[in-house]
Amino acid sequence: MAKFEGYKDIYVFVEQKNGEIANVGYELISEARKLVASIPSLGFQVVGVLLGHNITDKANEVIAHGADKVIVVDDALLEGYSTQFYADALTQVILTYKPDSFLTGATVLGRDLAPRVAARLNAGLTADATKIEIDQTKVEDGEALLLVTRPTFGGNLFGTIICPNTRPQMATIRPNVFSMDAPDAGRSGEVITFTPEWTDTDPKVVVKKVIEKVVEGVDITKADILVGAGRGAEDCLDMVKAVAEELGGEMCASRAVVDDGFADKSIQVGQTGKTVRPSLYIACGISGACQHVAGMEKSDMIIAINRDPQAEIFSIANMGFVGDVKEILPLLKEEIIAA
Ligand code: FAD
C-alpha cells in the first residue's frame, strides 16, 4: 500500500484579484506540468484551485494554461481577500480532495494564506522557494516526494527541504521563478464546483477601505529587456537608463545602487528585490553576488560588462565583456540595434 493512501495530484492555488488572475498561478501550473510529466507511473494530474466571487467563468482560462481540473469556490464571502474565509474554504478543499502537494505563489496573499492552511492541516510548508523537483528514488514506492529549494542564511546558501511525513506537501514559490507556458484555448479539462460549509460567517476582521498603492515608475518584472546597473555603473546611470530605453527596455539596479541612494527600491533585482526573467539582461558593473543572481539568473540571455575579469557575474553570463561600462555599453547597444 502506498505510504499516503488517497493523496494524489499537484494542486496550484490560482490567485486572482477582481477576476484578474496573477501570472504566478500560471507559472506554477506550467512547472507542475513538468513535475507530473517526470513521474508518469503515478498518473498525477495538475489541479488549479480558484477562490473568489463571480469567477467561475475564469476556470476555462486556467485549463487553457495547463490545468487538467479546476476546483472553483465561488462565494460572496470570498469577494475580496479575507484570511479567515479563504483559509476556511481552502482547508475544506484540501481535506475533501487530498492533494499530494499544494503550491501557492509567494505573494503577499500567498504568504498570508498558505501558512495558515498548513497549520490547520498540520502539514509541512516550505516558504519562499525558488526550485522544485521530485525525488525520483521514491517514485518506485509510489511516492512523489518534493525537493523544495529556497535561499537561506542571507542568500549565501540554498537549502533543499522535504516534508516526508505529512500530506499535502505545501510550498510557496516566488513569482517569476518559473516560465509560463503559452495558453492553449483548445485544451479540455474538468471544472468542479465546490461549496464550502461555513461554520462562522461573522468576519473577525472587516476591511473598511482599500487604498490602491500608486505604482510609481515602471514594473521591471514585466520588461522584456533589462539593463541592470551595479555599483560599477553608478557614475553613468543616466547613460544606462538611456540605453535601456533605446533598446525598448527598462533600467534596474543592484542593491548596492539602491542602498547608495541612486535608485529606487522598486527597481532592485535580487533576493530582497524583484525576481525577473527578461529575454535579455545586461548586467553593467554588477559583481554577481548570489543575492543579486538569485533574482535574474533565469533571464533567457545574460550579457555582463565588468572591468574585473574574475567577477562572479561572468560565471552565469552567456556573453561577457571585460572593460569599462561607459565604453562598452554604447558599443554593445549599437550592435544590438544593428542585429
Ligand atoms: P559591488 O559588489 O560593489 O560590485 C561592483 C562591480 O562593478 C565590481 O565587480 C567591479 O569590478 C565592477 N566595476 C566597477 N567599476 C566598473 C566600471 N567602470 N566598469 C565596469 N565594471 C566596473 N544585492 C542585490 O543586488 N539584490 C538583492 O536583492 C540583495 N539582497 C541581499 C540580501 C542580503 C540578506 C544580503 C546580505 C545581501 C544582499 N544583496 C543584494 C547585496 C549583495 O550581497 C551585493 O552586496 C550586491 O549585489 C553588490 O552590488 P554590486 O554588484 O552592484 O556592487
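Predicted model: local features only at pLDDT ≥ 70, side-chain atom pairs only at ≥ 80, totals over all residues.
**Exercise 1. Find which residues Glu 312 touches, leaving out residues up to four places away in sequence.**

- Step 1: Locate the residue. Glu 312 sits in the loop that joins β16 (301-306) to β17 (319-322).
- Step 2: List its partners. With residues up to four places away set aside, Glu 312 touches Ser 287 and Gly 288.
- Step 3: Compare sequence with space. Cys 290 is 22 residues from Glu 312 along the sequence, and their C-alpha atoms are 8.7 Å apart.

**Exercise 2. Describe the shell of residues that surrounds the ligand.**

Solution. Start with the whole shell, then move to single atoms.

- Step 1: Count. The ligand is surrounded by 25 residues, and the closest are Ser 254, Thr 272, Ser 287, Gln 291 and Asn 306.
- Step 2: Sort by class. Five residues of the shell are nonpolar, 15 are polar and five are charged.
- Step 3: Look for helices. Both α6 (255-259) and α7 (290-293) give at least two residues to the shell.
- Step 4: Look at polar atoms. In the side chain of Gln 291, an N or O atom is 2.7 Å from an oxygen atom of the ligand. Asn 306 has a polar side-chain atom 2.7 Å from a ligand oxygen, and for Gln 268 such a distance is 2.8 Å.
- Step 5: Judge the cover. The ligand on its own would expose 990 Å², of which the protein buries 77%.

**Exercise 3. Work out how helix α5 is oriented relative to helix α8.**

Solution. You need an angle first, and then the contact itself.

- Step 1: Read the geometry. Helix α5 (residues 237-246) packs against helix α8 (residues 325-338) at about 5°, and the axes are 11 Å apart.
- Step 2: Apply the cut-off. Angles under 35 degrees count as roughly parallel, so α5 is roughly parallel to α8.
- Step 3: Name the contact residues. From α5 come Met 239, Val 240, Val 243 and Glu 246; from α8 come Val 325, Lys 326, Leu 329, Pro 330, Lys 333 and Ile 337.
- Step 4: Sort them. Seven of the residues in this contact are nonpolar, none are polar and three are charged.

Notes
Residues numbered from 1 in each chain as written. Heavy atoms only, no water. Axes fitted to C-alpha atoms, helices over the stretch in contact; angles between N-to-C directions. Helix = DSSP H or I, 4+ residues; strand = E, 2+ residues; numbered from the N terminus. Parallel < 35°, antiparallel > 145°, perpendicular 65-115°, else oblique. Contact = heavy atoms within 4.5 Å. Nonpolar A, V, L, I, M, F, W, Y, C, P; charged D, E, K, R; others polar. Near = heavy atom within 4 Å. Polar contact = N/O pair within 3.5 Å; in protein donor to acceptor, adjacent residues only side chain to side chain. Areas by Shrake-Rupley, 256 points an atom, 1.4 Å probe, with all protein chains shown as cover.
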